[in-house]
Amino acid sequence: MDQIAQLADWMMNEGRRSGDPVKIVSHFCASLIDAGVPLWRVNIGQRFANPLLIAWGVVWTPDGTESYDVTHERMLTDGYVGSAFEYVLEHRHPLHKSLRGLDSETDHVSYLEFADQGGTDYYATLLFYGDGSLHGCTFVTQSKDGFSDQHLKMIEGALPALSSAMEPITMRKSSESLLRTYLGNGPSEAVCNGTIKRGERTSLEAVVMFSDLRGFTALTDLADEDGVFDALNGYFDRVVQSVETHGGDVLKFMGDGVLSIFTIATPDDRTQQCFQAARAAQSALNGLSALNKDRDQQNKPPLDIGIGINVGQVSYGNIGSPGRLDFTVLGGAVNVASRIEGLTKSLGHRVLATSAVAEAAPDLFSECGLHSIRGVARPVQLFGLIERGL
């Protein structure tokens, strides 16, 4: 069996089963070098479906192998526009280019950078996946003779096997990233681990934070569609960033509401998670204040929010019909968080919490008295967050 056939066998068996892109690309490059291909730098780019990222990939050099992510914004920069990746994906055929005698005015910056580092020849080509998607890969050499036709033939001959090893990883990363984007970290992990049957649930203790945009109905009446979406995105961005920065997990958006939890893994975590939720609420208020400064400069109306925080037992899992499920959190602790958020405006505090939460951060809250809450037999002691600005 020749070296390329051995490489193909490894890729389609051990490599594919490993699920390790760095290991796969490292072995791929080492095998091609052993076969006589003078590689110096290899970049295996993978496109995938994700609202936040458009691609990921693995770069190999003699000094090591590492993975990277590509945002949608980067695709609009000079790093991608005019590059070999753009060329092969647009034209759907390989590109072979000498790195000698380049023109600094017309040649892409990547060619110039590789030439400055001793690169002599460049080859970009495609990976074809079973779902019809195309992915790019590039090869650079420092050999004084560049890549020969035989070298390129060996590279192309090994690519189907590389595709077979990398495709399941890309598909899995794409699915996981989409689940994480739409469900949040905790639910996406549960679904990936097999919690997918209707009625499957877990009981756990958590701090529940419910945020709602005040005056949303009036905003929708006054603003056009673009204005409404702009306001919602700005508000959601500040709340989500604050929750995730402080270790919480955003479970869902409900109209203009945001439901988040801070999971309590052990009894010792309870105080810390209550404190983190309070800090997240303060961070959300500060973030909204900064957003409103920008909105004021654009002659847009300010936004305001109400936040309710509670802690207690919740049920975490799947509800819905056999053909359409939702992963959510339910329970009395959730209902109380939602209902005390509704009291924020009348009590004059943008953030209200139950005593169980406030006790974990007494310096952050002031007492607001006992208040009746629908669905709760006895009045509940509430505390307002002492707001500390930027």
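Visitor: How much accessible surface does the protein have, and what share belongs to carbon and sulfur atoms?
Guide: This is a predicted model. Its accessible surface comes to about 19,400 Å². Carbon and sulfur atoms hold 49% of that.

Visitor: And what percentage of the residues is buried?
Guide: 47% of the 390 residues.

Visitor: What about secondary structure: how many helices and strands?
Guide: There are 12 helices and 14 strands.

Visitor: Let's look at helix packing. At what angle do H8 and H9 pack?
Guide: About 150°, with the axes 8 Å apart. H8 covers residues 225-245 and H9 covers 270-297. Their crossing is right-handed.

Visitor: Which residues make that contact?
Guide: From H8, they include Asp-230, Gly-234, Tyr-235 and Arg-238. From H9, Ala-284, Gly-287, Leu-288 and Arg-295 are among them. The contact residues divide into eight nonpolar, four polar and three charged.

Visitor: Switching to aromatics. How many aromatic pairs are there?
Guide: Six. One of them is Trp-40 with Phe-114, edge-to-face, at 6.3 Å centre to centre and 85° between the planes.

Visitor: What does that pair tie together?
Guide: Trp-40 sits in the loop between helix H2 and strand S1, and Phe-114 in helix H4, so the pair links parts 74 residues apart in sequence.

Visitor: Are those two buried or exposed?
Guide: Trp-40 is buried, at 13% relative accessible area. Phe-114 is buried too, at 9%.

Methods: Residues are numbered from 1 along each chain as its sequence is written. This is a predicted model: local features need pLDDT of at least 70, side-chain atom pairs count only at pLDDT 80 or more; totals for chains, interfaces and linings use all residues. Side-chain values use heavy atoms; hydrogens and water are left out. Helices (H or I, at least four residues) and strands (E, at least two) are DSSP runs, numbered from the N terminus. Buried means under 20% relative accessible area, exposed over 50%, partly exposed in between (1.4 Å probe, protein chains only). Accessible areas come from the Shrake-Rupley method with a 1.4 Å probe; for residues, only the protein chains shown count as cover. Axes are lines fitted to C-alpha atoms, for helices over the stretch in contact, and angles run from 0 to 180 degrees between N-to-C directions. A crossing is left-handed if the near helix is turned anticlockwise from the far one by less than a right angle, and right-handed if clockwise. Contact means heavy atoms within 4.5 Å. Ala, Val, Leu, Ile, Met, Phe, Trp, Tyr, Cys and Pro count as nonpolar, Asp, Glu, Lys and Arg as charged, and the others, Gly among them, as polar. Rings of Phe, Tyr and Trp (its six-membered ring) pair if their centres lie within 6.5 Å; planes under 30 degrees apart count as stacked, over 60 as edge-to-face and the rest as tilted.
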